[in-house]
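The sequence and structure are shown first.

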Amino acid sequence: MKHLLSREVLNYTIDGCFVGDIINFNEIIAVKTMREVLANDDSFCHCDTCIEDTYALAMNSLPSRYIQVTSEDKYTQSEDYIDDQKVRESIIKAMEQVRAAPNH
Ligand SMILES: [Zn+2]
């Protein structure tokens with residue numbers, strides 16, 4: 001069953017313009033960083049619930065940074081840029097929260 005909030009179900013087209021490729025840049029960094037952090041931490045539970053909770057907590061603790069694919073260079077050189085280290089810190093903090101009170 002497809003969930004109502006599934007990306008497969010949402011229609012991102014506005015007046016013929018597809019905006020689904022405008023993404024929160026922090027999501028890309030968070031996914032990549034979480035893979036790295038989890039690969040090096042066997043003590044953290046790797047079940048879907050704990051991974052989803054960690055990702056959601058980390059993303060909610062970071063301001064969103066929606067950009068067009070063509071604006072990556074402009075964004076990464078701007079004052080608003082949130083670097084990998086800040087995203088990593090948010091993930092580590094979220095993991096600590098999940099570890100202390102897992103929902104699985
Ligand atoms: Zn778990």
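The sections below treat the overall fold, the helix contacts, the nonpolar core and selected residues.

## Basis of the description

The model is predicted, so local features are reported only at pLDDT of at least 70 and side-chain atom pairs count only at pLDDT 80 or more, while totals for chains, interfaces and linings use all residues. Residue numbers start from 1 along each chain as its sequence is written.

## Overall fold

The chain contains four helices and four strands, where helices (H or I, at least four residues) and strands (E, at least two) are DSSP runs numbered from the N terminus. Read from the N terminus, the order of elements is β-β-β-α-α-β-α-α. The C-alpha trace spans about 45 × 40 × 20 Å along its principal axes.

Of the 104 residues in the chain, 13% are buried. A residue is termed buried if 20 or more other C-beta atoms lie within 10 Å of its own, exposed if 12 or fewer do, and partly exposed in between, with C-beta atoms placed from the backbone. Among contacts with a separation of 6 or more, 78% join residues 24 or more positions apart; two residues are in contact if their C-beta atoms, placed from the backbone, lie within 7 Å.

## Packing of α2 against α4

Helix α2 (residues 48-61) and helix α4 (residues 84-100) have axes that come within 8 Å and cross at roughly 130 degrees. Axes are lines fitted to C-alpha atoms, for helices over the stretch in contact, and angles run from 0 to 180 degrees between N-to-C directions. The pair α2 and α4 is therefore oblique; angles under 35 degrees count as roughly parallel, over 145 as roughly antiparallel, 65 to 115 as roughly perpendicular and the rest as oblique. The crossing of α2 and α4 is right-handed, a crossing being right-handed if the near helix is turned clockwise from the far one by less than a right angle, and left-handed if anticlockwise.

From α2, the contact draws on Cys50, Asp53, Thr54, Leu57, Ala58 and Ser61, and from α4 on Ser90, Ile91, Lys93, Ala94, Met95, Gln97 and Val98. By class, these are seven nonpolar, four polar and two charged residues. Here Ala, Val, Leu, Ile, Met, Phe, Trp, Tyr, Cys and Pro count as nonpolar, Asp, Glu, Lys and Arg as charged, and the others, Gly among them, as polar. Val98 touches Cys50, Asp53, Thr54 and Leu57, not counting residues up to four places away in sequence.

## Packing of α1

The axes of α1 and α4 lie 9 Å apart, at an angle of about 60 degrees, and the two helices are therefore oblique to each other. Their crossing is right-handed. Asn26, Ile29, Ala30, Thr33, Met34 and Val37 of α1 meet Asp84, Val87, Arg88 and Ile91 of α4, a contact with six nonpolar, two polar and two charged residues.

Helix α1 also packs against α2, at an angle of about 140 degrees and with the axes 11 Å apart. That angle makes α1 oblique to α2, and the crossing is right-handed. The contributors are Asn26, Glu27, Ala30 and Met34 of α1 with Thr54, Tyr55, Ala58 and Met59 of α2; five are nonpolar, two polar and one charged.

## Nonpolar core

The largest nonpolar core has nine residues: Phe25, Ile29, Ala30, Ala58, Val87, Ile91, Ala94, Met95 and Val98. Such a core is a set of buried Ala, Val, Leu, Ile, Met, Phe, Trp, Tyr and Cys residues joined through C-beta atoms within 7 Å. Both α1 (25-39) and α4 supply at least two residues of this core, and the largest share, five residues, comes from α4.

Met95, in helix α4, is buried, with 22 other C-beta atoms within 10 Å. Beyond its neighbours within four places in sequence, Met95 is in contact with Phe44 and Thr54. Met95 and Met34 are 61 residues apart in sequence, and their C-alpha atoms are 9.7 Å apart in space.

## Residues around β1

Tyr12 lies in the segment before β1 (13-14) and is exposed, with 11 other C-beta atoms within 10 Å. Leaving aside neighbours within four places in sequence, Tyr12 contacts Phe18, Val19 and Gly20.

Asp15 is located in the loop between β1 and β2 (17-18). Asp15 counts as exposed, with 4 C-beta neighbours inside 10 Å. The phi of Asp15 is near 50 degrees, a positive value in a residue other than glycine. Most residues other than glycine have a negative phi.
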